[in-house]
Amino acid sequence: MAYLDFEKPLVELERRIADLKAASDGLDGLDTQIAELEARAQTVQRNICDQLSIWQKVQLSRHPDRPYFLDYVEHCFTDFTELHGDRLYSDDSAIIAGFARFNGRPVAIIGHQKGRSTKEKVHRNFGMAHPEGYRKACRIMELASRFGRPVLTFIDTPGAYPGLGAEERGQSEAIGHALYVMSQLKVPVIATVIGEGGSGGALALGVANRVLMLQYSTYSVITPEGCASILWRDGAHAPDAAEQLKLLAPNASKLGIVEEIVEEPVGGAHRDVPNMAQRLTVALEAQLKDLDGLSAEELIEDRYAKFRKIGAYNG
Amino acid sequence: MAGWFTKTRATIEAEAKKTLGKGIFRRCVGCSETIKDEEFVRNYEVCPNCGHHYRLRAPGWVELLLDEETFVEHDANLHSKDPLGFVDSKPYPTRVTAAQKKSGHTDAFVSGSGKLNDRDVELGLFAFHFMGGSMGSVVGEKITRTIERGLANKAPVLLLSSSGGARMQEGALSLMQMAKSVSALGKLREANIPFISILADPTTGGVAASFALIGDVNIAEPGALIGFAGARVIEQTIRQTLPEGFQRAEFLLDHGMVDAIVPRLEMKAHIGNLLSLWLD
Ligand SMILES: [Zn+2]
């Protein structure tokens, strides 16, 4: 378990709980003490959550223990069959795609994947996809559209990868094309921002009939660090940029960008992953049910209408 | 229709010259020749000596691409709000007001209907000198309306990009303009109406990564910077120096991302020919 600075008050409490649990091993008398400590930990946790700054919430969205796409695959789906490659260049490990069952119903699932260990982080390229990732996603989404399977996407990326090869192989075209493909899908599309929704690389999986955000996820036109380095000329101003960018779920909801915010367990999704997955399953099931019965044309038109009205202007 | 457009291009350039105090000669960065300013103006900001392309403003583009006196501007009254209450070193509304004063535009995009070789077209142009041509709600709305007009009038849509990308000061609303404009393009494709994407210097970030590189044809100006990520960001990420000519139009042609590089003065003829080959 990793602790962020503001989670530190929990460290000592949780160590004592763990020690007591180890020591109790069949012995009576310690149970009440454990329960007391656990109740106190809950209170501390709640107090921490009540006082989180915007920047701390951004940090929660990137918490090293935060559940990633594969954690939700494990908890929310069965029969997952991963499909690899874009048929053009390679297989991008920063985006995972395939088919699975959701409450028994076959669906396509596609998500950015970050790595947990150093080795896995590198393998997943920190969730930053190359053009191949978006092209693979398009391939799977078009398959789903042909076979009448809903598409569920899971967004968690700082952004599309800024690299030489990515530019050579058309990062811009790949993202633009993904937006186009998603706009034309003949099946229900639901996108969920589970962690970081960073700029075009996030939106490339986000042209959906319904967009959900987990409570402590972010959705932004640019990372706070990137914004700070441009407008403040200093990346250290990232917390200031984060405040100005209004990148948290309630902001996105107010701007008409997301339809639903899925509440996280006390302390954040990482504090109770099965519980978080359960909450997400319930939300996705309800949204899917809501879109059932719409024809292909109605689904495309519904998606168009959703994005068509987004914007703030006079005149 | 907007007042700015009644000014001729020559007077606008003349005003710009006066305020910049550059005098009546310009030294070309392409060939280092000192050439009369009016020669650049007459040549639509292309160096008459070496062909170096400088940025051309909207009235110049309209004159260059459309048949004389056929342009009718639309949506010139759209102007931005401050949906986030965004403040960095200055509040966002202050930046917008300054950009409006400086450019004579209400935002970073000019759009309208006109004729190209007697054919009805819908034209939209980025104004780079308005906050770096950045795309916020107004730009996204104007692009979408331009595409929708193309759909309604069955007229080919020409979008000329010159933009640093999405406008940070409108946050995720700017990001969503990418999805909005591309979704509209989807309808245009379904209706078999051409979309011609002209890529001028620079076309980067969220504008590159939405509609600009998915034209039925992508036509770049010589030397234009076109790419997703900024070169500085890429260098910091990969810790190596980027090759000569990286993200220039010629680099994109080499990598199969644009159909052609067309000098500005040949742009109208090139597009006219393509539309004729497709539609007549
Ligand atoms: Zn020259």
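Which residue is the bridge partner of A:N314 in β4(B)? In this predicted model, the bridge partner of A:N314 in that strand is B:H79.

Chain A contains 14 helices and nine strands. Its radius of gyration is 21 Å, close to the 20 Å that the globule rule gives for 315 residues, so chain A is as compact as a globular protein of that length. The C-alpha trace of chain A extends over about 65 × 50 × 45 Å along its principal axes. Of its 315 residues, 48% count as buried. Among the contacts in chain A with a separation of 6 or more, 70% are between residues 24 or more positions apart. Chain A is divided into domain 1, covering 8–51, and domain 2, covering 58–308. The centres of these two domains, taken over C-alpha atoms, are separated by 35 Å.

Several strands of chain A can be followed from one to another. Strand β4 of chain A, residues 151–157, pairs with strand β5(A) in the parallel sense over six bridges. Within this pairing, A:T157 stands opposite A:G197. Strand β5(A) spans residues 189–198 and also pairs with β6(A), in the parallel sense and over four bridges. Here A:T192 has A:L212 as its bridge partner, while A:V193 has A:M213. A further three bridges join β5(A) to β7(A), and these strands run parallel. In that case A:G197 stands opposite A:Y219. Strand β6(A) in turn is joined by three bridges to strand β8 of chain A, residues 260–262, which runs parallel to it. A:M213 stands opposite A:I261 there.

Are the residues of β6(A) buried or exposed? Five of the five residues of this strand, 210–214, are buried, so β6(A) is largely enclosed by the rest of the structure. Both of its faces are covered: A:R210, A:L212 and A:L214 are buried on one side, and A:V211 and A:M213 are buried on the other. Strand β5(A) is likewise mostly covered, with 10 of its 10 residues buried.

The meeting of the two chains can now be considered as a whole. The contact takes 45 residues from chain A and 49 residues from chain B. On the chain A side, the elements that each supply at least two residues include α7 (164–168), α10 (224–232), α14 (296–308) and β9 (313–314). The element that gives the most to this side is α8(A), with nine residues. By class, the side of chain A that touches chain B has 24 nonpolar, 15 polar and six charged residues.

Chain B is also divided into two domains, domain 1 (1–54) and domain 2 (55–279). Their C-alpha centres lie 22 Å apart. The contact between them takes 12 residues from domain 1 of chain B and 19 residues from domain 2 of chain B. On the side of domain 1 that touches domain 2, the residues divide into eight nonpolar, two polar and two charged.

One residue of chain B illustrates how the chains come together. B:S210 lies in helix α7 of chain B, residues 205–212. This serine has 31 other C-beta atoms within 10 Å, and a residue counts as buried at 20 or more, so B:S210 is buried. B:S210 touches A:G176 and A:L179 of chain A, as well as B:M178, B:S181 and B:V182 of its own chain, not counting residues up to four places away in sequence. B:S210 and B:M178 are 32 residues apart in sequence, yet their C-alpha atoms are 5.2 Å apart in space.

In soluble globular proteins, nonpolar side chains tend to be buried together. The largest nonpolar core in this model has 153 residues, of which A:I110, A:A137, A:M141, A:A178, A:L179 and B:A172 touch the most other members. The largest share of this core, nine residues, comes from helix α6 of chain B, residues 171–190. B:A172 touches residues of chain A that include A:Y219, A:V221, A:L247 and A:I257, not counting residues up to four places away in sequence.

Conventions:
Residues numbered from 1 in each chain as written. Chains lettered and ligands numbered in written order. Predicted model: local features only at pLDDT ≥ 70, side-chain atom pairs only at ≥ 80, totals over all residues. Core = buried A, V, L, I, M, F, W, Y, C linked by C-beta atoms within 7 Å. Buried ≥ 20, exposed ≤ 12 C-beta atoms within 10 Å, placed from the backbone. Contact = placed C-beta atoms within 7 Å. Domains from an automatic or database assignment. Rg over C-alpha atoms; globule rule 2.2 N^0.38 Å. Nonpolar A, V, L, I, M, F, W, Y, C, P; charged D, E, K, R; others polar. Pairing = 2+ DSSP bridges.
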